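Student: I am new to this structure. Please take one part and walk me through it closely.

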Amino acid sequence: MRRSSLLVLAAALFACLPATASAEPLPVDYNFFAGIPPELTNPGGSLPGANDPSCVPSPEHPDPVVLLHGTGGGAQTNWGVYAPLLANEGYCVFSLTYGGYALPWPVSAIGGMRPIEQSAAEVSAFVDGVLARTGAARVDLIAHSQGNIVGNYYIKRLGGGDKVGKLVGIAPPWLGTNAFGAGDIAHFSRALGAGPAFDAVSSSLCQACGQMFTGSPFMTALNADGVYDPRVTYTNVVSALDELVVPHTSGLVPGLNATSIVVQDGCAQDWSEHLAIAGSPRAAGHVLNALDPARQAPVPCEFVPPFTG
């Protein structure tokens, strides 16, 4: 009788365990391009671990995480590493494609092309939806490349400062970029009175790209009151080998509420540049530590190839 009672008690306790306790962790492929096959097989869909309407934030991670992609990226294509990684860590994860043209797929999957102000408005509406769905008071943002500028415009100009706790920036171009000398060319074009013509050519397909050139009117206006919003905690994860955020120190702006990390510091084996940094296990370790300051787990140091991660 005693053994039978214990078996009944054990069965009852097992039945009370959450269903996720036995769930297998989602596979994480540390490769920047890991999100492309899911987009090809499920156009316009969501990655495993992302946009789960039933996800309830846990006491350990009360703030949902919203992922903000870079130029040409999307909800799936930019975040093949981070959606499953964060879900495995117990976060509610959400991602969207913003700034795309209203054209059929696959063009619709290419985001970050329209003006940053319009993309930030899309992010604002999306965050409000996440907060309403989850009951959370605020979100944390993880952004790659242009996503940092979109996120910061939302924070500083569209009322997002009261709805965001942390912005963890991967390859952020806080001061703009002079990649391929584009910022210099734009500056001289304006000085010669040819600025509108240069802007029309350089932004014919990607309207947001010209906005991010060093010294552009957009970047000058956005940073007129300082780069960082005092209500938000910023962490910058930067590659010294970045070929699109030029110079890479554009992402290392000091601030009282900002921490900056160069992934090559202490790990010369990490060859990640602008793309691969979003697939680097080392960068991901820093991102997880930034999201949860109490965690502070050791970050790996291993060979990371450029472009893929």
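Tutor: Arginine 282 counts as buried, because its relative accessibility is 9% (buried means under 20% relative accessible area, exposed over 50%, partly exposed in between, with a 1.4 Å probe and protein chains only). This is a predicted model, where local features need pLDDT of at least 70, side-chain atom pairs count only at pLDDT 80 or more, and totals for chains, interfaces and linings use all residues. Residues are numbered from 1 along each chain as its sequence is written, and side-chain values use heavy atoms, with hydrogens and water left out.

Now place the residue. Arginine 282 sits in helix α10, residues 281-291 (helices are DSSP runs of H or I, at least four residues, numbered from the N terminus).

A polar atom of the arginine 282 side chain lies 3.0 Å from the backbone oxygen of aspartate 265.

Glycine 309 gives another reference point. Along the chain, glycine 309 and arginine 282 are 27 residues apart. Their C-alpha atoms are separated by 9.7 Å.

Put together, arginine 282 is a buried residue of helix α10. Its side chain has a polar atom 3.0 Å from the backbone oxygen of aspartate 265.

Terms used. Helices (H or I, at least four residues) and strands (E, at least two) are DSSP runs, numbered from the N terminus. A polar contact is a pair of N or O atoms within 3.5 Å; within protein, one must be able to donate a hydrogen and the other to accept it, and residues adjacent in sequence count only if both atoms are side-chain atoms.
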